[in-house]
Amino acid sequence: CVTASQAKTILTPAETLAPLQAATWQWLTNKPQNDLLRRIVTLGDADYPPLLLETADPPVLLYVMGQAQYFDGQGLLKAWPQQAIAMVGSRNPTPQGVSNARAFAKELHQHGWCIVSGLALGIDAAAHEGALEAQAGTTTQPATIAVIGTGIDRVYPRRNHALAQSIALHGLIVSEYHLGTPPLAQNFPKRNRIISGLAQGTLVVEAAPESGSLVTARLASEQGRDVFAIPGSIHAPQSKGCHALIRQGA
């Protein structure tokens, strides 16, 4: 039972709502450079990602930005990639891990797979880069999708600013967080359910035993998606998480 004071609180808009609405409208209507389009996709929209809709906790809305060719005349997404695989891993990978991530992403995209990752340093960035390298002018579907843990008007980490621009030009950038949301630690594990939820499976390239990538793998398993892991050296801490996944059936 809701009390009178609770009802009043629910019905009273927050003081920050009006400026946020104004900023969001400006973001939607101001045309960015390079023919990029911006869209907010809600749970009830026809172009909401179908794979994500099948998960237990889909976000109520998604901010999406990408090249105009992926949208129709009404600004709706033509279609989300029918073949997508998430690639995640350590932010402090070995050189072999970086090489593996790039090579797997490149090969997978050449065979029609869109690469979904989180724009983090290390394996995420290498996976995005491999997909972009493989695209080489192909425009039938996004090369890669970056699911970020900040507002879509921010790039984190800053070192990946140029990479984020390339992804926007040849793929999609997606966030569930409102404009201006800073990089808060608690938001990154939460966004991982979107990374795994947009894909048929998740490939962990390198992961330490306490890596956030293992959270993504667990979420993928809970969502009924396939989990893959690349084995590595028995002496490398970055391989221990992958070996644990393999023992568990990845």
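Predicted model: local features only at pLDDT ≥ 70, side-chain atom pairs only at ≥ 80, totals over all residues.

Reader: What's the volume of the largest cavity, and which residues line it?

Author: Its volume is about 30 Å³. The lining of the largest cavity is made by Gly118, Ile148, Gly149, Thr150, Tyr156, Phe188 and Arg191. By type, that lining divides into 3 nonpolar, 3 polar and 1 charged.

Reader: Tyr156, ok. What's the peptide bond from Tyr156 to Pro157 like, cis or trans?

Author: That bond is cis, with omega near -5 degrees. Pro157 sits in the loop between strand 5 and helix 6.

Reader: And pockets? How much space lies in the largest pocket?

Author: About 420 Å³. The largest pocket is lined by 19 residues, and the closest to its centre are Leu36, Met65, His161, Gln165 and Ala168. Strand 1 (36-42) and helix 6 are the elements that give two or more residues to the lining.

Reader: Which one gives the most to that lining?

Author: Helix 6 does, with 5 residues.

Reader: Switching to helix 5. Is helix 5 mostly covered or mostly open?

Author: Mostly covered: 11 of its 13 residues are buried. Among them are Ile123, Asp124, His128, Leu132 and Gln135.

Reader: What covers the buried residues of helix 5?

Author: The cover includes strand 3 (84-88), helix 4 (95-110), strand 4 (114-117), strand 5 (144-147) and helix 6 (161-170).

Reader: And what span should helix 5 have, going by its residues?

Author: Helix 5 covers residues 123-135, so at 1.5 Å a residue its 13 residues should span 18 Å. The end C-alpha atoms are 19 Å apart, which agrees.

Reader: You listed His128 there. Why does His128 count as buried?

Author: Because its relative accessible area is 0%, and buried means under 20%.

Reader: What does the side chain of His128 make a polar contact with?

Author: With the side chain of Thr144, at 2.7 Å. Setting aside residues up to four places away in sequence, His128 also touches Ser117, Gly118, Leu119, Ile145, Ala146, Leu163 and Ile167.

Reader: Leu119, hmm. What's phi of Leu119?

Author: Near 65 degrees, a positive value in a residue other than glycine. Leu119 is in the loop between strand 4 and helix 5, and it's buried, with a relative accessible area of 2%.

Reader: New topic: Val64. Where does it lie, and what is Val64 in contact with?

Author: Val64 lies in strand 2 (residues 61-67) and counts as buried, at 0% relative accessibility. Leaving aside neighbours within four places in sequence, its contacts include Trp27, Leu37, Val41, Phe71, Trp80, Ile152 and Leu172.

Reader: How far apart are Val64 and Ala146?

Author: In sequence they're 82 residues apart, and in space 10.0 Å, C-alpha to C-alpha.

Reader: Last one, Leu20. Which residues does Leu20 touch, not counting residues up to four places away in sequence?

Author: His178 and Leu179. The C-alpha atoms of Leu20 and Leu179 are separated by 7.5 Å, though the two are 159 residues apart along the chain. Leu20 lies in helix 2 (residues 17-29).

Reader: And how does Leu20 count: buried, partly exposed or exposed?

Author: Partly exposed, because its relative accessibility is 25%, which falls between the 20% limit for buried and the 50% limit for exposed.

Key: Residues numbered from 1 in each chain as written. Heavy atoms only, no water. Helix = DSSP H or I, 4+ residues; strand = E, 2+ residues; numbered from the N terminus. Expected span 1.5 Å × (residues − 1). Buried < 20%, exposed > 50% of the residue type's maximum accessible area, 1.4 Å probe, protein only. Contact = heavy atoms within 4.5 Å. Polar contact = N/O pair within 3.5 Å; in protein donor to acceptor, adjacent residues only side chain to side chain. 1 Å grid on protein atoms, 1.4 Å probe; cavity = no way out; pocket = protein on both sides within 12 Å on 5 of 7 lines; lining within 4 Å. Points joined across faces, edges and corners; volume = space filled by probe spheres on them. Nonpolar A, V, L, I, M, F, W, Y, C, P; charged D, E, K, R; others polar.
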